[in-house]
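Here is a friendly walk through the charged pairs and nonpolar cores of one protein model. Have a look at the structure first, and then read on.

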Amino acid sequence: MENLTFLKNGVPRLPPGFRFHPTDEELVLQYLMKKALSSPLPAAVIPDADVCRFDPWDLPGDLERERYFFSTREAKYSNGRRSNRATGSGYWKATGIDRRIVSSKENRLVGFKKTLVFYTGKPPNGSRTDWVMHEYRLVGSPEAPPSTFNDGLSTLNRNWVLCRIFLKKRSTRERDEKKNICKPVFHQFLRTRNGTDLNVTPCSSSSGSSGVTEISVNNHQEQEETSSCNSFRKR
């Protein structure tokens with residue numbers, strides 16, 4: 001079967017109506033494994049790119065969508081297994097624990113998925129961004145546990161990794177907190193004195209102006225005013 005090519009200038013160009021949404025297992029077994037074995041891929045939809053040589057917004061593709069890249073590791077130290085993930089403007093920092101990817105057919109461990117977040121600046125004082133990367137690696141790669149090294153695939157180029165990069169969308173609450181949106185706060189100005197509420201009642205003045213309010217101090221004063229009015233009417 002001829003390998004289908006959907007790459008143009010290093011950017012995936014799928015036909016209208018087609019979407020590339022593989023599972024973690026498919027990414028490891030159908031793409032990364034075959035890439036490491038130099039075998040034909042199901043389709044040429046994942047370009048090669050040195051991910052850590054570029055900032056995430058400078059990599060090819062649509063920034064509003066998930067982007068996939070084959071990349072190779074660069075050791076941070078000559079005698080160590082840690083990868084160098086520093087870019088021009090910042091660095092990728094791992095978060096959480098690596099997820100194990102198990103083959104559903106053979107029920108065996110085939111790879112790992114590491115989640116990383118991009119920070120601008122220099123560690124350890126970098127500023128966290130919304131850029132996220134899922135890095136897929138095969139069993140027996142430099143950062144895998146030593147017990148998984150011998151899996152019978154001696155011709156496997158374990159320096160290859162598959163990276164999925166996307167811009168995390170903030171929730172409505174996070175966006176509101178970021179914009180510092182303040183809701184109006186209403187304070188209770190009228191309080192209780194001697195167990196009696198201060199009631200606001202409208203009244204009219206002799207000049208005919210409106211909007212003037214009179215505050216009654218307590219119920220005793222209201223009763224005195226009522227009794228005086230009744231006595232005046234009797235006279």
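A salt bridge is a side-chain nitrogen of Lys or Arg within 4 Å of a carboxyl oxygen of Asp or Glu. By this rule the model holds eleven salt bridges. This is a predicted model, where local features need pLDDT of at least 70, side-chain atom pairs count only at pLDDT 80 or more, and totals for chains, interfaces and linings use all residues. Residues are numbered from 1 along each chain as its sequence is written, and side-chain values use heavy atoms, with hydrogens and water left out.

Arg164 lies in strand E9 and Asp24 in helix H1, so their pair ties together parts 140 residues apart in sequence. (Helices, H or I with at least four residues, and strands, E with at least two, are DSSP runs numbered from the N terminus.) Arg164 and Asp24 are both buried, meaning under 20% relative accessible area, with exposed over 50% and partly exposed in between (1.4 Å probe, protein chains only). Asp24, Arg99, Lys113 and Arg164 form a network of salt bridges. Elsewhere, Asp48 is partly exposed at 48% relative accessibility, while Lys35 is buried at 19%.

What about the nonpolar cores, sets of buried Ala, Val, Leu, Ile, Met, Phe, Trp, Tyr and Cys residues joined through side-chain atoms within 4.5 Å? The largest has 20 residues, and Tyr31, Leu32, Ile46, Phe70, Tyr136, Leu138 and Leu162 touch the most other members. Helix H1 gives the most to this core, with six residues. Apart from it lies another core of 13 residues, including Leu59 and Trp131.
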